[in-house]
Amino acid sequence: MTSIGTGYDLTNSTFSPDGRNFQVEYASKAVENGGTAIGIRCKDGVVLAVEKIVTSKLLKPGANKRIAAIDRNFGMISSGLVPDGRHLVSRARDEAASWRTNYKCPIPSSSLAFRVGSYVQAYTLYSSVRPFGVTTILAGWDSETESRVDGQVGTGPKTNSGGKTQGTKAGGPGLYMVEPSGLYWGYYGAATGKGRQTAKAELEKLDLSSGTLSLEKGVKEAARIIYVAHEDSKDKEFELEMSWVSSLDGPTKGRHEEVPKNILEEAEKFAKRAMEGDDDEDTATGGGENMEE
């Protein structure tokens with residue numbers, strides 16, 4: 001039984017006979033038309049980077065930011081329909097503010113991803129709304145300081161903070177990606193947008209799960225990956241926008257901030273040199289093959 005054809009994509013609340021929700025799939029297609037966005041989780045922080053395609057020469061450079069601060073220790077990037085992304089930024093900020101009001105501390109990265117994912121998923125349930133045509137990447141640094149009470153009860157000692165399990169490490173970098181369906185996962189490296197396949201292939205080469213990549217090196221690699229992913233659209237100009245969040249003893253002191261201009265420029269130079277090196281290798285390989293012929 002096929003669902004290709006009539007009727008099943010007219011409303012958001014109707015499944016096709018083979019269990020597909022076409023409106024959500026169409027929203028995912030809208031994401032593929034957006035600029036490439038990536039996140040890299042490093043041993044001492046997280047880096048966000050996005051490829052902003054310049055659609056008009058009249059646009060002011062540096063304006064129209066695509067990376068937004070959600071809380072002091074949190075940033076968010078999106079790819080797809082820009083207005084949808086801005087709405088989710090507003091919602092995420094409300095969730096972070098609500099958490100601070102209720103619990104008197106910054107919202108953990110996993111909790112923010114859960115709340116944003118639940119909100120996005122709600123827009124796939126009703127015929128009166130449409131799914132968000134955007135995929136978002138959340139990056140933050142969770143506090144590593146010991147709180148008076150935590151959730152690890154029942155398995156730890158009877159003394160100390162609520163039966164806290166001793167020897168466990170809390171906090172650190174957090175990187176999550178929320179898809180148009182509301183599905184979210186934690187990642188070492190995440191990519192979305194038009195060049196996501198190329199970006200994913202480059203991220204896999206970094207061996208991020210080993211936890212050895214430094215934040216400074218991650219900035220350079222993020223710039224390089226965006227430039228590599230842009231090769232498929234190299235006839236179009238683009239701007240590179242980047243932000244980062246580090247540990248408390250790192251360059252941002254646990255805050256989410258834009259990457260400083262001098263470091264951004266250095267990262268772009270590194271990316272361009274890497275691209276030129278790849279081109280030289282391709283030329284040399286081609287020349288050798290021709291000589292053999």
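1. Welcome to this structure. A search of the whole structure turns up seven aromatic pairs. One of them joins tryptophan 99 and tyrosine 103 in a tilted arrangement, with 4.5 Å from centre to centre and 45° between the planes. Please keep in mind that this is a predicted model.

2. Where does this pair sit? Tryptophan 99 and tyrosine 103 both belong to helix H2 (residues 82-103), where they are four residues apart, about one turn of the helix. Tryptophan 99 has 14% relative accessibility, so it counts as buried. Tyrosine 103, in turn, is partly exposed, with a relative accessible area of 48%.

3. Another pair worth a look is formed by tyrosine 119 and tyrosine 123, also tilted, at 5.2 Å centre to centre and 55° between the planes. Tyrosine 119 is buried because its relative accessible area is 14%, under the 20% cut-off. Tyrosine 123 is partly exposed, at 25%. Together with Phe132, Tyr119 and Tyr123 form one aromatic cluster.

4. Now for the pockets. The second largest pocket holds about 570 Å³ of space. Its lining is made up of 29 residues, and those nearest the centre of the pocket are Lys52, Ile53, Val54, Thr55 and Arg66.

5. Which elements supply the lining of the second largest pocket with at least two residues each? Strand S2 (45-53) and H2 do, and S2 gives the most, with three residues. By type, the lining of this second largest pocket divides into seven nonpolar, 11 polar and 11 charged residues.

Key
Residues numbered from 1 in each chain as written. Predicted model: local features only at pLDDT ≥ 70, side-chain atom pairs only at ≥ 80, totals over all residues. Heavy atoms only, no water. Phe/Tyr/Trp six-rings, centres within 6.5 Å; stacked < 30°, edge-to-face > 60°. Buried < 20%, exposed > 50% of the residue type's maximum accessible area, 1.4 Å probe, protein only. 1 Å grid on protein atoms, 1.4 Å probe; cavity = no way out; pocket = protein on both sides within 12 Å on 5 of 7 lines; lining within 4 Å. Points joined across faces, edges and corners; volume = space filled by probe spheres on them. Nonpolar A, V, L, I, M, F, W, Y, C, P; charged D, E, K, R; others polar.
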